[in-house]
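User: I would like to work through how to read domains, sheets, helix packing and a chain interface in a model. Please take the features in turn.

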Amino acid sequence: MFGKKAKAMTPSAARKSFVSPYDLPAPKGAEGWQDLYPYNLVFQENLKDKENSKFWFCDSQHWPNVFKPFETVGVEFAVRCLGAYNTRHYIIPPANGIEFRIHNGFCYMSPVAVAPELIGDRVPHFMERAGFYFQNWDSLLENWKKKVLATIEEMDAINFEALPDMVDIEVITSGAGIDPTAKMMADYDRLIQLAYKNWEHHFEFLNLGYVAYLDFFGFCKESFPGIPDLAIAKMVMGVDSVLFRPDDELKDLADRAVKHNLTAVFGKNNDAATTLAELAGSADGKKWIAAWEKAQEPWFNYTSGNGFYGSDVYWRDNLDLPMGYIQDYVVRAAKGEQLHRPKDALIIERDRISGEYAELLDGEALETFNGKLGLARTVYPYVEDHNFYIEHWTMGVFWRKVRQLSRLLHSYGFWTEPDDMLYLTRDEVRPVLFDLATGWGVGADCIAPTYWPAEIERRRKIVDALMTARPEPAFNEPPAEINEPFTIMLWGITTEQVQQWLGADEGDPNQLKGMAASPGVVEGKARVIMGPEQLDQLQQGEILVAPVTAPSWGPVFGKISATVTDIGGMMSHAAIVCREYGLPAVTGTGSASTKIKTGMKIRVDGSNGTVEIIG
Amino acid sequence: MGKYTFAFDSTETPEHDRLGGKCTSLAIMTSAGMPVPPGFAVTTDAFDAVMNQTTLRDHIVKHLAGLDPNNVVDVDTRAAHIRELIMTQEVPEDVREETIAAYQKLMELCGGEVPVAVRSSATAEDLPDASFAGQQDTYLWIIGQEAVMLKIRECWASLYTARAITYRMANNISDEGLSMAVAVQKMVNSRTSGVAMTIDPSNGDKSKIVVDSSWGLGEMVVSGEVTPDNFVIDKVMMHIINRIISDKHEELVPSGHGTVIRKEVDAERRNSPSLSDEELIQVATLAKAAHKHYGTVQDIEWAIDADLPVGANVLLLQSRPETVWSQKKQEVKITSTGSGIEAITKSLMAQIGDRK
């Protein structure tokens, strides 16, 4: 993502090319989908030559599903802000941001390089700006948390409520002279702005975390040619990331239940409300409820999705989810199983690895190794932690407010289903609010109920039709070689991977190749999971096969024996979580979730990055 | 734990006085993660039990009284007589039973009766030197319980070869308390064998273990008569970094009687890996253990034994220090030395430099 484009994008005539987005028809029934999304997100006809000169890869790691129009807010804010930090804040010498487009409902990306003659001038600015952040990392990060939490708090205070029949008498007696619609419209704007603000903060440290990591990465690759990427990831990894805290809280609650002889209550597998009611009947049960309530804020601001979809369900909005996980944990804890991640063992292993590599060096090389490793370990926790603060907490509150507004407008008959506002882009919502303000103010019918239900129905059909097709992995001519380390590290997109997508490397159909993301070899039954709503199908000991996973699938990682994904690199969520849980993982296989079927026996080699279908 | 035998993979501490030099070193290597071919020691207690049950020791002392070490014929005659006495001496029942039990247990591990080597394991000062000791008392390809028992006695008797006797006289070493342990060890039946180095010999990278491997006995790998499979393993992570599977056209296999047979490798195996991934990692682990044990880069010979069960079939045959790369310094090109913003900038700039 930080560059390499000048060379990387030079087409090589000998290679096969991916389809052009301009030649890829819409799935049947999805014709005209372009109108659902903002104009600047789709490949425009008059820019055909320019857009076709670029290589675009599909980011199905962050956006595995078709966007509903409102949901483009996530990719727009995230990828814009990512770019701004490279381009305008830190002036990363060789790299600007990443262009992004939506095509047939999926997201495609293309990194933007800096013209070679401009790179030199950027260096002093980068050193001054990024250097300042590295030097003041801890205090700036402390401040970052304050800023981010203040934004969340402000967002959380927003409420969209029904308009009164008459304005409050206070409005009269105080002489305020303003009705609640102005506030409603302002609150909507503020909600969008606050989300935008935290997405800016999301990248304030992230890109710097990655460049420090890559500096250490590059040194290791030179000093120990062929060193597994996994070794580098393991040396740097933290074990106390807040990202794992929600799952840890559930485990603590399960342990507490067993300790206080409440196992039977959880064994009934009732929903959260019934379970809590029964617990309220005993003193120990009441104490348990107090602990459960304490854990909720903030740790239940946690989704089994990835924060980018309006349909993501957050634990605090559906307590049956965490309760279900706790019930599973209680069964296992009652059997005497140790639920918590082997943190001590992880630290010992991490220090063994860095210690053994360090032993191979001396003098200046050893000093360099220790210096770079130290910085990488300082900055790296952010790379994991930010995910809780932004994707989970901020976006949890954001989507809750969006749904609240959608349901309010639904109650006015503006649309058929409670969450149908997601079929409008965020900029289409403002006139809807003014429509409401007008109807309410004038005392006449709003126009929305006669306009949006049919329009939403039309859009729903298109979105449903888009969902029937899997995305193309990439568009246009790939670069001769993909050596941009961010693309490889974050997306798992390598030269070999692209060739495999192109079908150049046909080989054994029962063999899949991916990234060796977490070591170990496991054989077992595959369970293909296409989305978080299918997670409850997973049985103890099965191998999870999915297009992509989210870190928040945490509780299922205690159940499974290995993970295989289509998309994702060494630093993808599945990879990080599997290393934390000590499970083998192969990420970025490209096609595991379509080639492997539930029930097949597979062999996952997370040390060598291979998956074999054996029966 | 027996008094008269000591398995090389025993968890007890090997005592040099009871096991002699050779057996002690075999036991120490095994416990340090460098499993040598399996076997056991017949301890000095067994020898002592044989010698002390009668007045044999006194008889020997008397028989050697007044010996002129320069009278070669007389020394030979007296030595032969003493050896004959030891060879015909009754072995106490408990010594015999325990030794046979240890032998049977070893055969069980090997999945049936297989040839063993029987060797003396002297307690250092009693004999001139190891090479001398080795001349007379190493018996290879020994099959069967009674044959093994006989060779153990021959090892005991080898304490009284003419040269051993004159050596002790010349160096004023008393015969009092003289004892001898014996090693009984499986003969290796190599399904696959090869060499491994705890350094990448192509560039001096010490973070790698490089393994060459081919079917059968290792001689053809060492002599270069066959192109072996070649593997590179990361020493810290124990991940396989690179593998080249070669066409291995010929192999040497043991006949079981002390000779080797040279034969063509069948079509199915010649282009297949001669090591499974699990075995390869075990070989690398063995090499790493040797490096750690000896504290320097090692060049080892290893074998996969066809008779032994999985998990116990990877054997260390020899380990010696690597001499080429240990003498020179690896040349590594580092783009960005140091840490912090300058180093990070250098790294970022180098990435575009690499684009050419």
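User: What distance separates the centres of domain 1 of chain A and domain 2 of chain A?

Analyst: The model is a predicted one. In it, the centres of domain 1 and domain 2 of chain A, taken over C-alpha atoms, are separated by 41 Å. The domain assignment places domain 1 of chain A at 5-122 + 469-475, domain 2 at 242-340 and domain 3 at 509-613.

User: How many residues of domain 1 of chain A are in contact with domain 2 of chain A?

Analyst: Seven residues of domain 1 of chain A are in contact with four residues of domain 2 of chain A. On the domain 1 side, two of the residues are nonpolar, three are polar and two are charged.

User: Which domains does the assignment give for chain B, and how is the contact made up?

Analyst: Chain B is assigned domain 1 (5-186) and domain 2 (190-327). Their centres, over C-alpha atoms, are 33 Å apart. Domain 1 of chain B puts 14 residues into the contact, and domain 2 of chain B puts in 14 residues. The side of domain 1 of chain B that touches domain 2 of chain B has twelve nonpolar residues, two polar ones and no charged ones.

User: Now the sheets. In what order do the eight strands of the open sheet in chain A lie?

Analyst: The general idea is that strands of a sheet pair through backbone hydrogen bonds, either parallel or antiparallel. In chain A the eight strands of the open sheet follow the order β5-β12-β11-β7-β8-β9-β10-β6, with mixed pairing. Strands β5 (511-513) and β6 (515-518) of chain A are at the edges with a single partner strand each, so one side of each has no neighbour in the sheet. From one strand to the next, the twist averages 30°.

User: In which sense do β7 and β11 of chain A pair?

Analyst: Strand β7 (residues 521-528) and strand β11 (residues 601-605) of chain A pair in the antiparallel sense, over five bridges.

User: Which strands does helix α21 of chain A lie across?

Analyst: Helix α21 (residues 573-581) of chain A lies across β6, β9 (562-565) and β10 (585-587) of chain A. The helix runs at about 45° to β6(A).

User: What is the pairing in the five-strand open sheet of chain B?

Analyst: The pairing is antiparallel, and the strand order in chain B is β1-β2-β5-β3-β4. The edge strands of chain B, β1 (5-7) and β4 (138-142), each pair on one side only. The twist here averages 20° from one strand to the next. Within the sheet, strand β3 (residues 116-122) and strand β5 (residues 180-186) of chain B run antiparallel and are joined by seven bridges. For A117(B), the bridge partner in β5(B) is Q185(B). Helix α7 (residues 145-157) of chain B lies across β2 (39-42), β3, β4 and β5 of chain B, at about 25° to β3(B).

User: How do I read a pair of packed helices? At what angle do α9 and α12 of chain A pack?

Analyst: Two packed helices are described by the angle between their axes and the distance between the axes. Helix α9 (residues 245-259) and helix α12 (residues 283-299) of chain A pack at an angle of about 180°, and their axes are 10 Å apart. The two helices α9(A) and α12(A) are therefore roughly antiparallel to each other. Residues of α9(A) in the contact include R245(A), E249(A) and R256(A), and those of α12(A) include W288(A), W292(A) and W299(A). By class, the contact of α9(A) with α12(A) has eight nonpolar, no polar and three charged residues.

User: And at what angle do α4 and α8 of chain B pack?

Analyst: Helix α4 (residues 72-88) and helix α8 (residues 162-170) of chain B pack at about 110°, with their axes 9 Å apart. That angle makes α4(B) roughly perpendicular to α8(B). Their crossing is right-handed. In the contact, V75(B), D76(B) and A79(B) of α4(B) meet A162(B), I165(B) and T166(B) of α8(B). The contact has four nonpolar, one polar and one charged residues.

User: Last, the chain interface. How many residues of chain A are in contact with chain B?

Analyst: 43 residues of chain A are in contact with 30 residues of chain B. Helices of chain A that each supply at least two residues to this side include α4 (116-135), α7 (180-223) and α15 (363-411). Of the chain A elements, α7(A) gives the most, with eight residues. The side of chain A that touches chain B divides into 26 nonpolar, ten polar and seven charged residues.

Terms used
Residues are numbered from 1 along each chain as its sequence is written. Chains are lettered from A and ligands numbered from 1 in the order in which they are written. This is a predicted model: local features need pLDDT of at least 70, side-chain atom pairs count only at pLDDT 80 or more; totals for chains, interfaces and linings use all residues. Two strands pair if DSSP finds at least two bridges between them. Helices (H or I, at least four residues) and strands (E, at least two) are DSSP runs, numbered from the N terminus. Axes are lines fitted to C-alpha atoms, for helices over the stretch in contact, and angles run from 0 to 180 degrees between N-to-C directions. Two residues are in contact if their C-beta atoms, placed from the backbone, lie within 7 Å. Domain bounds come from an automatic or database domain assignment. Ala, Val, Leu, Ile, Met, Phe, Trp, Tyr, Cys and Pro count as nonpolar, Asp, Glu, Lys and Arg as charged, and the others, Gly among them, as polar. Angles under 35 degrees count as roughly parallel, over 145 as roughly antiparallel, 65 to 115 as roughly perpendicular and the rest as oblique. A crossing is left-handed if the near helix is turned anticlockwise from the far one by less than a right angle, and right-handed if clockwise.
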